[in-house]
Amino acid sequence: MRLLGLIWAACFVLQEVRAWGFKNGILHNSIWLEQAAGVYHRESRKGRYQLTYMEAKAVCKFEGGKLATYEQLEAARQIGLHVCAAGWFDRGRVGYPIVKAGTNCGFGKVGIIDYGYRLNKSERWDAYCYNPNAKECGGILTDQQRIIQSPGYPEEYEDEQICYWHIRVRYGQKIHLRFLEFDLEDDTSCLADYLEIYDSYDDIAGFAGRFCGDELPEDLISTGNVMTLKFLSDSSVTAGGFQIEYLAVDSPVDPTNGTDPMSLLELTND
Ligand SMILES: [Ca+2]
């Protein structure tokens, strides 16, 4: 069963790698690869390289998992996990998984780029978590139109969810997001539960906004043909969740209903 799962995952990854390909010698992986064999990369909510060993452990635990072992990271790498960011893994070791050699990342090597067991556990890196049960939500969406719902919708979402929706439409098209329903735990800085939108195929570049509470966000339009939605809920207090519709559009956009959509290009140029 597990083997079948791995074979399926490998086929899936191969398919996707073909779809995405390499650019400048680096596999431009995206969030769909961020979880491979139960392993995923996690950075601090404050940004890259902000986690001490203890904090990295806590981040993984918070999401219901634990720090990945070297073996788990390597297993994930073998089915395509490629992340250009060093993170803690089990027992205070630091490194990152590289699938495709590149000059900008991994010193031209392939494998786990291993910084070894760190003597100073106060150093700050990202984290590699292992949680085979996480992220049973999200996915890769390539349809021209879809409705994205929070996990369990119309029921309230559960605690400790982490979902990535990765939208890719045809080259030359843009993605028009329209919020139909929106209700997440309210918090002034959206630190508890939130939905983040990235004008990018990962959650590292193209940050376009973080939303919580029950105010319906304005429409958004991507600059390119990819977009990522990331939903995260913490360990207490849930809410009604969300329904978001996306539509692939050939620019220029002609919104037929609702308010004028906010262009992410304008947004990111602010
Ligand atoms: Ca919550």
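Modeller: Happy to, and confidence comes first: the protein chain has an average pLDDT of 80, and 77% of the residues score at least 70, where pLDDT is the predictor's confidence in each residue, from 0 to 100. This is a predicted model, in which local features need pLDDT of at least 70, side-chain atom pairs count only at pLDDT 80 or more, and totals for chains, interfaces and linings use all residues. Residues are numbered from 1 along each chain as its sequence is written. Over residues 11–33 pLDDT stays under 50, and the model has 34 contacts beyond four places in sequence for them; a contact is a pair of residues whose C-beta atoms, placed from the backbone, lie within 7 Å. Over residues 266–270 pLDDT also stays under 50, with four such contacts. Where pLDDT is low, the predicted coordinates should not be read in detail.

Now to the strand itself, E8, which covers residues 126–130. Strands (E, at least two residues) and helices (H or I, at least four) are DSSP runs, numbered from the N terminus. Five of the five residues in E8 are buried, meaning that 20 or more other C-beta atoms lie within 10 Å of a residue's own; 12 or fewer makes a residue exposed, anything in between partly exposed, and the C-beta atoms are placed from the backbone. Both faces of E8 are covered, with Asp126, Tyr128 and Tyr130 on one side and Ala127 and Cys129 on the other.

E8 has several pairing partners, where pairing requires that DSSP finds at least two bridges between two strands. Strand E3 (residues 39–42) runs antiparallel to E8 over four bridges, and there tyrosine 40 stands opposite cysteine 129. Strand E4 (residues 66–67) is also antiparallel to E8, over two bridges, with lysine 66 opposite tyrosine 130. Strand E5 (residues 87–89) pairs with E8 in the parallel sense over two bridges; here glycine 87 has aspartate 126 as its bridge partner.

Moving on from E5, the loop between E5 and E6 holds arginine 91. Its phi is near 60 degrees, a positive value in a residue other than glycine, and arginine 91 is exposed because it has 11 other C-beta atoms within 10 Å. Further along, glycine 106 lies in the loop between strand E6 (93–98) and strand E7 (111–117). Glycine 106 counts as buried because it has 21 C-beta neighbours inside 10 Å. Beyond four places in sequence, glycine 106 touches Ile98, Ala101 and Ile113. Alanine 85 is 21 residues from glycine 106 in sequence, and their C-alpha atoms are 9.3 Å apart.

Note on methods
Contact = placed C-beta atoms within 7 Å.
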